Protein chains: 4
Amino acid sequence: MSKGKVCLAYSGGLDTSIILAWLLEQGYEVVAFLANIGQEEDFEAAREKALKIGATKFIVSDVRKEFVEEVLFPAVQVNAIYENVYLLGTSLARPVIAKAQIEVAEQEGCFAVAHGCTGKGNDQVRFELSFYALKPDVVCIAPWRDPEFFERFAGRNDLLNYAAEKDIPVAQTKAKPWSTDENMAHISFEAGILEDPNTTPPKDMWKLTVDPEDAPDKPEFFDVHFEKGKPVKLVLENKTEVTDPVEIFLTANAIARRNGVGRIDIVENRFIGIKSRGCYETPGLTLLRTTHIDLEGLTVDREVRSIRDTFVTPTYSKLLYNGLYFTPEGEYVRTMIQPSQNTVNGVVRAKAYKGNVYNLGRYSETEKLYDATESSMDELTGFHPQEAGGFITTQAIRIKKYGESVREKGKFLGL
Amino acid sequence: MSKGKVCLAYSGGLDTSIILAWLLEQGYEVVAFLANIGQEEDFEAAREKALKIGATKFIVSDVRKEFVEEVLFPAVQVNAIYENVYLLGTSLARPVIAKAQIEVAEQEGCFAVAHGCTGKGNDQVRFELSFYALKPDVVCIAPWRDPEFFERFAGRNDLLNYAAEKDIPVAQTKAKPWSTDENMAHISFEAGILEDPNTTPPKDMWKLTVDPEDAPDKPEFFDVHFEKGKPVKLVLENKTEVTDPVEIFLTANAIARRNGVGRIDIVENRFIGIKSRGCYETPGLTLLRTTHIDLEGLTVDREVRSIRDTFVTPTYSKLLYNGLYFTPEGEYVRTMIQPSQNTVNGVVRAKAYKGNVYNLGRYSETEKLYDATESSMDELTGFHPQEAGGFITTQAIRIKKYGESVREKGKFLGL
Amino acid sequence: MSKGKVCLAYSGGLDTSIILAWLLEQGYEVVAFLANIGQEEDFEAAREKALKIGATKFIVSDVRKEFVEEVLFPAVQVNAIYENVYLLGTSLARPVIAKAQIEVAEQEGCFAVAHGCTGKGNDQVRFELSFYALKPDVVCIAPWRDPEFFERFAGRNDLLNYAAEKDIPVAQTKAKPWSTDENMAHISFEAGILEDPNTTPPKDMWKLTVDPEDAPDKPEFFDVHFEKGKPVKLVLENKTEVTDPVEIFLTANAIARRNGVGRIDIVENRFIGIKSRGCYETPGLTLLRTTHIDLEGLTVDREVRSIRDTFVTPTYSKLLYNGLYFTPEGEYVRTMIQPSQNTVNGVVRAKAYKGNVYNLGRYSETEKLYDATESSMDELTGFHPQEAGGFITTQAIRIKKYGESVREKGKFLGL
Amino acid sequence: MSKGKVCLAYSGGLDTSIILAWLLEQGYEVVAFLANIGQEEDFEAAREKALKIGATKFIVSDVRKEFVEEVLFPAVQVNAIYENVYLLGTSLARPVIAKAQIEVAEQEGCFAVAHGCTGKGNDQVRFELSFYALKPDVVCIAPWRDPEFFERFAGRNDLLNYAAEKDIPVAQTKAKPWSTDENMAHISFEAGILEDPNTTPPKDMWKLTVDPEDAPDKPEFFDVHFEKGKPVKLVLENKTEVTDPVEIFLTANAIARRNGVGRIDIVENRFIGIKSRGCYETPGLTLLRTTHIDLEGLTVDREVRSIRDTFVTPTYSKLLYNGLYFTPEGEYVRTMIQPSQNTVNGVVRAKAYKGNVYNLGRYSETEKLYDATESSMDELTGFHPQEAGGFITTQAIRIKKYGESVREKGKFLGL
């Protein structure tokens, strides 16, 4: 008698293969689920392995288009970034995967979902909060938080022995001294030798991008066209035009990858309160974000930008990082993105060169907030300089008053 | 009979020379003032010219040390940045210069201060609000906002004719098709051909930094040591150690300049509400800010950082940009910087290469918030993974509740 | 030959009557405009006076419905408040009036608009920024900022003399020692004897509300029904139901007025940087805001509320105060109001009594975020108390780590 | 053999008496701890009962002075408030009690601390996070989260039976249909019949304050003197002056209590994500907060106040509510309070009347930011009205530009 059907997020790797076998041993029926979110993966090998171990079914959901259109492009619009540096590559993927997994769970009649995330990381939170939001009565099975499981599999050898016992094929390649997670937007590296934050990652760790030192000696030029804040066309140096959203993203990736753009190496703060070191490659998203910010300078009103930068960007970035996409606040903050982007229409001309994207120029055929005449230091058309004096002296009313009191008491704090 | 003494911010250039002559013509006595804030300038030539034109005195104030210690290093501590990109090189210099000019005005008995800023820019605001704060009864003379002046000198020819008439020497070099402002932290380029935001700046415009494409083919390694968030030592690849604040800043500049670090090209929003295109080189500050942010990842508590990033950094950056250093809010926000930096003690190892600074590793001998054991995915010492489950399910209480109502009504907004 | 048509905001009072005559004297043709925004005013007397003085036309625009539906109810939804106390009664009216005035100006072919606001107040800013936004090429005539005018009319006697000269009727009532501004939402009192912030306003100054000490000795009960955050029904103690928006507002006013609700007396900070003392009566808006906040407790998610309270309410309130309704940021922040209100459906039972509104109970038939079972301290259905332990210990990871470092160094700042 | 010493927060009530007996039964030695934080409590009876049940020691810590000086007055300075309404009476007490309990635990050699908080509330979080911060290696025993305990004591009868079995005296008074928590600042009521948010609390529930309807028919006048934002003197109607901090607080309480000031009834959001209904009486704190806000209007710069209101007040209030006093962010935000208060020197004249505090006037002998001449609508000394025109037109540059684009496309969002 089965204890019921479980939908397991299955990658084909050692950990989730062991979990699959263990769930079967516990008496569950298991549907293996794998999201195609643009990672380099042998889906067919995963299918064979899952079924061989004993999964009832193996289901791949292709979420690439949804990932780009519904999640990555809004992230570009809002310039999402966590702790000044991290472009949230993993965080962005989680809601898409979780949604697909719940859909499979519902369609296959699974009462539970399972995953192979550790008990110390962010992903357990991101997946489970999404699961609970989307299907509040779902049961979450997290073997790495279950003492029965984690005490039994305390080291890699325990896993290998169990694999041998259960006849689970194990890749012969030596395990890398770090772990990775990959999707169309990025790859992450953490754990293992990276746990010493003073260890410089070895050159061969990086995977998606060429080392900037090995990148071409000539810059590569390209134009990004935006409409309402979303990339709608990418024009390459050879005049090739790309307009399909997924293709735009992949092409941005390609340009950035071959020019070494998008590597970072940081110590970040996980949701559960542990500091953690991570290295990331986020090539295309870096390129799109950089050009998007540039176009906002030309086309977005100062105060709208300030409100968006101060309130919306950090709030949305933090909630994405913490796995709170499917929440009331997630919904609320998402409604604040598009209204800030209605004027972000135009083109940024840029180049990628040895690790950087440089903005070279930008224009908009529809937006008029930038006005070269008005801006010009040589022109006074329609401008009365003496009025700027009133602007200053009126603001000075409050400041003079305070300055008087400071003079009585001493000096300003600081200078 | 003099109409009184005026302290004029005098650069030795055409504009302020004309203003000097014009002020004399108006019946003022003029003390010419020039701040040495690290710009490349022929101070002696300026002196001779000022005195030749008729200034009573020419006074240079050396504010370099104060600029670095009191303004630039706090800007590093707070990661100051405006509109995501601009490191505020000009804005940071203004309060230092204004303070020195007011000191000269007071010591020389001037009732007024004068400057050559245009009526469309930020600098008029930054200077005058500082003047009014420091000496509330001062009179500000801004000829470029005075119709009598700006109508008389409507074009460059009017200036040249007046110079000839007044026997003011004019440099024979052809005027560049943009204007610049320089200090130890940066140089700005704006106006002229840059007013078309789609014009890529010519290669020979950039002055402080080498073109990344011409930068060395080998990275240059260095270590930055911080104490309480301020740079206290810079160790070069050849093990040279620099510890004097001004020397640290100049050395950071040197490394960044020869590796093409710190160029930006943006459209920004001026305080008076005009969009404006500016190109900037901010080499050393870019290098120090990048490494400082990195060390904060290792040493600053997550919530302190979040509060600082969300509230303090944007507020302080905006008020600096708007010339509000000497204000109640300027003082108030400055008190918020140091308390966020007490744990920022440690070293960042980095390299500069063709336009970028890459952080390679970081360590702190005193701060323990990062704990490799705690962080480790392979270790459970002192950690009970099942408790993370409670963390998640407790947070899920609210989210499940909402998820139920979403299921009744349809789907989440977004995915 | 007329210098063109001007649309003057005309109240029928002494100041704007003088301005009307003066504009005619300057050679303008004048269309007198008066908004009916719910103030107690003799519109017919104003018409007769305007035409007698020489206005070409006198036009009253009834904006009461628009004021309630488009401005006051959204203010209730967002709990608008300035500097903790002021409910923005004047600020809220300005955009409605300005829009109506521009409509009249356009329809009557006026090239300019004029108003009688002083040069020290907020209203000049609120009106003119609205005028410029709605009709960027409009000319604003502000006689009280024109030296020719304000030097000529330096005191009340100058006004009276000119009135006599121009045969302008002057009300025989003695001027009150303060000025007022009234609309459906409130009345303001400022200037005159109120300029000493330590002067308690005389009892007979207050106009809209009864003195709490004279209010009925029995509380008055009522229920407010909200849908999507807007009041949709007011049920009186006698079971009368009011559902029309304007009627709801007027009824809320009536309840609050007779129970002394909505008086405040503050020193506030004007946009131009001057501190100013104001007394206000805002009866109905106080009542609606108080009950609305109460219902939000029952029906709005914690994080949505926090984001709205922290970001949206203060930002919107400040921009309303500063006259920035018709701006990009005004529009942007307005889009953030409704999405926070979709769950604000339900009823608040309350009573008004001697200056206060007390919430007595609240319920919602549709919203389920409050769950008495879940909340109950006596019930554990669906709740596993041990999981709260994991919630706490997981959050304690970061805090323990910091606690260790504090113990080494001394004690926490504060306790 | 004892399993070790535990310091139990002991109130003398049924729950903690059962817990005391149960801990002894489990083999612990127990030190009973009770904080005197101003609640009405029979400390001697609690002592006798604790010792009778078997506690090794009973220790009362008097924390009233520390509570007022280190916690309540800073809360007044920062105008602390949660979700617009709740003055945080319980939250404020928790860090003080937790600190005293840890001090007792350390001094008595206890390895653990225990409390009687439920698993659904805020207090468990507030206490335990404080315990862990102050003594990171402490063990927290929370019986109401321990299945062994809460399953054994599933209802009140189980408690009573156990009390009988263990010979624990039980008060003969009938349990009230709600629970309360009291300290010098407030009393809270929740649970029981209050769990239906539409149930109006019975008149006899309220304890600290007189019903406003029964309050005196004459207002009571008083003056509050503040220095650097802290109350330093309270002058009663009869001219009695109170200057000791604890006495000031108690006197504020007395005035407010007899005039029915400080009752609220809300639905709030607990940290663990459950909505909860609470009724609170916070008499003196309401009075002090109201007058403090009033004085800030007179004495604090607009921008300082805005920054404090927008950033500091909500951040500090939320972290207090969530029990995060002893955290890095708690410390950080506390450093932001005093610098905003240096100018808050002066006096507020006010009256209490039937549920309300009304500010009647305010003055400061030292602070000059308010300037009646400058503020006056009748005076132009030192003011040039035409400069306000420049203030407006300069701000209008950006807005006109936007207005043009709106005219092309339609109308502004909103009006």
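Biologist: How far apart are the end C-alpha atoms of helix α1 (residues 14–25) of chain A?

Modeller: This is a predicted model, where local features need pLDDT of at least 70, side-chain atom pairs count only at pLDDT 80 or more, and totals for chains, interfaces and linings use all residues. Residues are numbered from 1 along each chain as its sequence is written, chains are lettered from A and ligands numbered from 1 in the order written, and side-chain values use heavy atoms, without hydrogens and water. Helices (DSSP runs of H or I, at least four residues, numbered from the N terminus) have an expected span of 1.5 Å times one less than their number of residues. Twelve residues should therefore span 16 Å, and the distance between the end C-alpha atoms agrees: 16 Å.

Biologist: Which residue takes a positive phi just after α1(A)?

Modeller: The phi is about 100 degrees. The residue is Gly27(A).

Biologist: What area is buried between chain B and chain A?

Modeller: Contact (heavy atoms within 4.5 Å) takes 122 residues from chain B and 120 from chain A. Buried area is the accessible area (1.4 Å probe) that two parts lose on being put together, summed over both. Carbon and sulfur atoms give 58% of it, and the total is about 10500 Å².

Biologist: Which three residues supply more than any others of the area that chain B buries against chain A?

Modeller: Together they supply 8% of that area. They are Lys275(B), Met377(B) and Leu415(B).

Biologist: Which side chain meets Glu329(A) in a salt bridge?

Modeller: A salt bridge is a side-chain nitrogen of Lys or Arg within 4 Å of a carboxyl oxygen of Asp or Glu. Chain B and chain A have ten. In this one, the N to O distance is 2.9 Å, and the partner is Arg398(B).

Biologist: Which helix gives the most to the side of chain D that touches chain C?

Modeller: Chain D and chain C bury about 10400 Å² between them, 58% of it on carbon and sulfur atoms. Ten salt bridges cross this interface, and one joins Arg398(C) to Glu329(D) at 2.9 Å, N to O. With 16 residues, spanning positions within residues 385–409 of chain D, the top contributor is helix α13.

Key. Helix = DSSP H or I, 4+ residues; strand = E, 2+ residues; numbered from the N terminus.
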